[in-house]
Amino acid sequence: MSSALETLRPGFGGDIIEPGAAEYEAASRAVLALGTPVCVLRPASVADVQAAVRFAVESGLKLSVRGGGHSFPGFGTNEDGVVIDLRGLASVEVIDKERHVVRIGGGAIWGQVAAALAPHNLAISSGDTKTVGVGGLTLGGGIGWKVRKYGLALDNLVAVEIVTAASEVVRASAEENADLFWAIRGGGGNFGIVTAFEFAAHPTTDVYFGKLTFPAAELATVLPGWADYLRTAPEELTSIVSFANPFAGGREAPVEVHLAFDGDDADLAAAAIDPLRALGTVLEDDVTLKAYPEILEEGMVPPPGIQFVARSGFVNQDSVPEVLRQLAEAGRSERPPIISVRSVGGAVSRVPADATAYAHRQAALMFVTNLVGPPPAIAAGKPSLDVLWDRLAPHVSGAYGNFLGTITEADVAAVYPTETYQRLAAVKAQYDPANLFSANHNIQPA
């Protein structure tokens, strides 16, 4: 392997990090996973990415591509393989002021993007964490704090620059390589390494953001009341309900309604938010006007030995009452998982189901269950979590790949319905026939 690296080294302008180097321990891990790759390559240019891809092909080693490194299964690292870390490609540039088109490097993180766009009074609806990568979140969907008004992060893509398995640089948009552009919007990292994204940003103001807290005893009324209201609430309002947090009391933890109102008009914000305040006994209300970059939370690397078991599902409107009933019941059980429920709909549902590879357009809600803790705590909570999901199965449609901790065939089938998968497999066969890019919820080439 060292001889192969020596062949790469002369023309490679970025960093090559091998075991024994001072940076290796930090460079080898993703946020939620440890790894021991043969090398971590940090390209400084698109040409470096091409060289890194050629090296990965020639070495025959497993390849992982890292943007922000936040994937629950740990896609951003591996054992005895090659990691291409894109952090050196993180520029943010407004390239068309009239159309608000922004070009973002494939290794950028959302905190950088929000901060860079703020002076231009522009924003892109992203996730909710500063350190999450633009690439992973966007390619899998992007359910953020402006999702009901502006859709998914991927709905705002105009074009991408991508390095394929043949180490070719390809531009994909609605006009160029449209099949590839369709596939990358929801198909994850299956088709190559995106070295640049072009988004249509939107003008933004400060936003009303914060949390309403209700007693745990009111969960059974607050949760369905929240969902009923979000069906018809102004699309400027996006919200998440979280409960049963073991670090805040488990079954006795307060019900937290997190919200963002996209606008700085106090009267409009109050009219949109007050119905949430009326859902129950408000214990805490810290909703206030904030700059959009300030509402993204800081990411954290978990302490050693802490594991995450994340699982997600979509809920169509007809199934909302039953799913929420079962989630509320689970939240009051002896060993509850952390449960969060996110409002979607709005702009997301107005995009045709087959317009992108993200296929869950008609869902009213997306929810996530999460076990967090050392292995004994995970083992203790897993049986009841499995029972919950068995009960939910008839009422849940699909899964959100960005909030999945496993990569089974059933997971892939949940993320990609049959027709979507078949179309993706055909694109995969064209751009990655040998399945070089397999560290993902993998699409097998047709």
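Reply: A nonpolar core is a set of buried Ala, Val, Leu, Ile, Met, Phe, Trp, Tyr and Cys residues joined through side-chain atoms within 4.5 Å, where buried means under 20% relative accessible area, exposed over 50% and partly exposed in between, for a 1.4 Å probe and protein chains only. This is a predicted model, in which local features need pLDDT of at least 70 and side-chain atom pairs count only at pLDDT 80 or more, while totals for chains, interfaces and linings use all residues. Residues are numbered from 1 along each chain as its sequence is written, and side-chain values use heavy atoms, with hydrogens and water left out.

Me: What does Leu 180 contact, leaving aside its neighbours within four places in sequence?

Reply: Contact means heavy atoms within 4.5 Å. On that basis, and with those neighbours left aside, the partners of Leu 180 are Ile 162, Val 170, Ala 172, Phe 191, Val 427 and Tyr 431.

Me: How are helix 8 and helix 9 oriented to each other?

Reply: Axes are lines fitted to C-alpha atoms, for helices over the stretch in contact, and angles run from 0 to 180 degrees between N-to-C directions. Helix 8 (residues 219–232) packs on helix 9 (residues 266–277) at about 160 degrees, with the axes 9 Å apart. Angles under 35 degrees count as roughly parallel, over 145 as roughly antiparallel, 65 to 115 as roughly perpendicular and the rest as oblique, and the two helices are therefore roughly antiparallel.

Me: Which residues of helix 9 meet helix 8?

Reply: From helix 8, the residues taking part are Trp 226, Tyr 229 and Leu 230. Their counterparts in helix 9 are Ala 271, Ala 272, Pro 275 and Leu 276.

Me: Is Ala 244 buried or exposed?

Reply: Ala 244 sits in the loop between strand 13 (237–243) and strand 14 (255–261). Its phi is near 65 degrees, a positive value in a residue other than glycine. With a relative accessible area of 2%, Ala 244 is buried.

Terms used
Helix = DSSP H or I, 4+ residues; strand = E, 2+ residues; numbered from the N terminus.
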